[in-house]
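Subject: Structure for your attention

Dear colleague,

Please find the structure below, followed by an account of what was found in it.

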Amino acid sequence: MVETGEGRSGATVLLVDDEPLILAMMEDFLSVNGINVLVAHEGSEALRLAQERKPDVIILDVMMPGMDGYEVCEKLKEDPRTRGIPIILHTILKGPEVEARGEAVGADFVVHKPMRPLSLFLKTVEAALAKGRPPNWPARPLPPRR
């Protein structure tokens with residue numbers, strides 16, 4: 001597990017992907033935008049970190065060896081300790097069945113790799129952060145974009 005980010009926003013995102021290059025790019029992008037980043041390389045590590053650290057949002061790759069992202073998402077949504085954390089499924093897979101399965105396992109958003117422009121990806125993360133806040137929760141706005 002790696003933790004990065006300057007934490008200016010107070011938000012923490014758990015990135016889960018088995019591809020080091022994708023993890024590094026997403027981690028750098030989120031960190032530059034003031035978000036704390038936790039990193040997991042596979043499903044069981046993601047479950048453990050989500051339970052222990054309670055991130056504000058989880059960005060979860062679908063295609064991973066062992067436990068895939070759908071299974072991880074389903075387990076997170078079944079667990080009372082993690083069910084309220086918004087989950088963004090991030091996948092190269094396309095088609096209506098991808099969104100349907102994501103919805104069936106409780107994902108809050110399904111986005112496709114590569115997400116371009118990156119500002120759209122950041123807007124999705126911001127939407128997930130907003131979704132995860134209970135009513136009357138003080139906003140933890142992201143810093144202005146650079």
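By class, the lining of the largest pocket comprises eight nonpolar, one polar and two charged residues. Here Ala, Val, Leu, Ile, Met, Phe, Trp, Tyr, Cys and Pro count as nonpolar, Asp, Glu, Lys and Arg as charged, and the others, Gly among them, as polar. This is a predicted model, in which local features need pLDDT of at least 70 and side-chain atom pairs count only at pLDDT 80 or more, while totals for chains, interfaces and linings use all residues. Residues are numbered from 1 along each chain as its sequence is written, and side-chain values use heavy atoms, with hydrogens and water left out.

A pocket is an open set of points on a 1 Å grid over the protein atoms alone, where a 1.4 Å probe fits, with protein on both sides within 12 Å along at least five of seven lines; lining residues have an atom within 4 Å of a point. The lining includes Ile-22, Met-25, His-90, Lys-113 and Phe-121. Helix H1 (20-32) and helix H5 (118-132) each supply at least two lining residues, and H1 gives the most, with four. Helices are DSSP runs (H or I, at least four residues), numbered from the N terminus.

Ile-22 belongs to helix H1. Ile-22 counts as partly exposed because its relative accessible area is 22%, where buried means under 20%, exposed over 50% and partly exposed in between (1.4 Å probe, protein chains only). The C-alpha atoms of Ile-22 and Lys-113 are separated by 9.5 Å, although these residues are 91 apart along the chain.

Yours sincerely
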